[in-house]
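We will walk through a few helices together, one stop at a time.

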Amino acid sequence: MWDAQSLALVAVFAAIIAASAIVPGIPVGSFGVPITLQTLAIMLTGLVLGGSRAAAAVALYLLLAFAGLPIFSGGRAGLHVLAAGSGGYIVGFLFAAFLAGIAAEQIIRHLPVKRRGVWFFLAAIVVTVAASHMLGVLGMMVNLKLSWQAAFAADLIFYPGDILKDALASVAAVAAHRAFPDVLVRRVR
């Protein structure tokens, strides 16, 4: 059972993810998948909140967007976004936040403070590729009827920006954990 602080953090990070979608995306290619700040917010959510709370924050964000709030990139809303080129990436949000959060929990518990930033960054990159990009490619294959090669080639444009966003999320997560050392792993008193 979560305490009030955990529930508040879930709500705040869901709002951060929604706010990141307000910043206009950069359209790339002809597949309707823009470069957005949402992946930065998703990774930050995982690295700060841990697996279960990060997944809850993303689930809350998705639930609100699927229910009709225009908080997807470009002011979109509703379930129909899952049938678009970005559908796989949107599904990947949940998995990416959860996996980054699980990695962050292990890093916080087992590594000294000085090495956390590097490991947050490495974990973020692995999760970005494994969850976001793999599901994004799969989504383009299913929704846009692209071959694996064409979907993979269309996805490559996102790697440089995602590496930068993973670095920013890692730096911000280190700062958050330094400022609030008990936010992820509560100390027993």
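Which are the buried residues of helix α6 (residues 148-155)? Select Ala151, Ala154 and Asp155; buried means under 20% relative accessible area with a 1.4 Å probe, protein chains only. Look down the axis of α6: these buried residues fall within an arc of 100°, so they line one face of the helix. The arc is taken from the directions from the helix axis to the C-beta atoms.

A word on the model before moving on. It is predicted, so local features need pLDDT of at least 70 and side-chain atom pairs count only at pLDDT 80 or more, while totals for chains, interfaces and linings use all residues. Residues are numbered from 1 along each chain as its sequence is written, and side-chain values use heavy atoms, leaving out hydrogens and water.

Now show what covers the buried residues of α6: the cover includes α4, α5 and α7 (159-179), with contact meaning heavy atoms within 4.5 Å.

Next, select α4 (residues 87-110) with α5 (residues 113-144): they pack at about 160°, their axes 8 Å apart. That makes α4 roughly antiparallel to α5, a term for angles over 145 degrees. Their contact has 18 nonpolar, eight polar and one charged residues.

To see where they meet, pick residues including Val58, Leu62 and Phe66 in α3 and Phe93, Leu94 and Phe98 in α4.

Notes. Axes are lines fitted to C-alpha atoms, for helices over the stretch in contact, and angles run from 0 to 180 degrees between N-to-C directions. Helices (H or I, at least four residues) and strands (E, at least two) are DSSP runs, numbered from the N terminus. Angles under 35 degrees count as roughly parallel, over 145 as roughly antiparallel, 65 to 115 as roughly perpendicular and the rest as oblique. Ala, Val, Leu, Ile, Met, Phe, Trp, Tyr, Cys and Pro count as nonpolar, Asp, Glu, Lys and Arg as charged, and the others, Gly among them, as polar. Buried means under 20% relative accessible area, exposed over 50%, partly exposed in between (1.4 Å probe, protein chains only).
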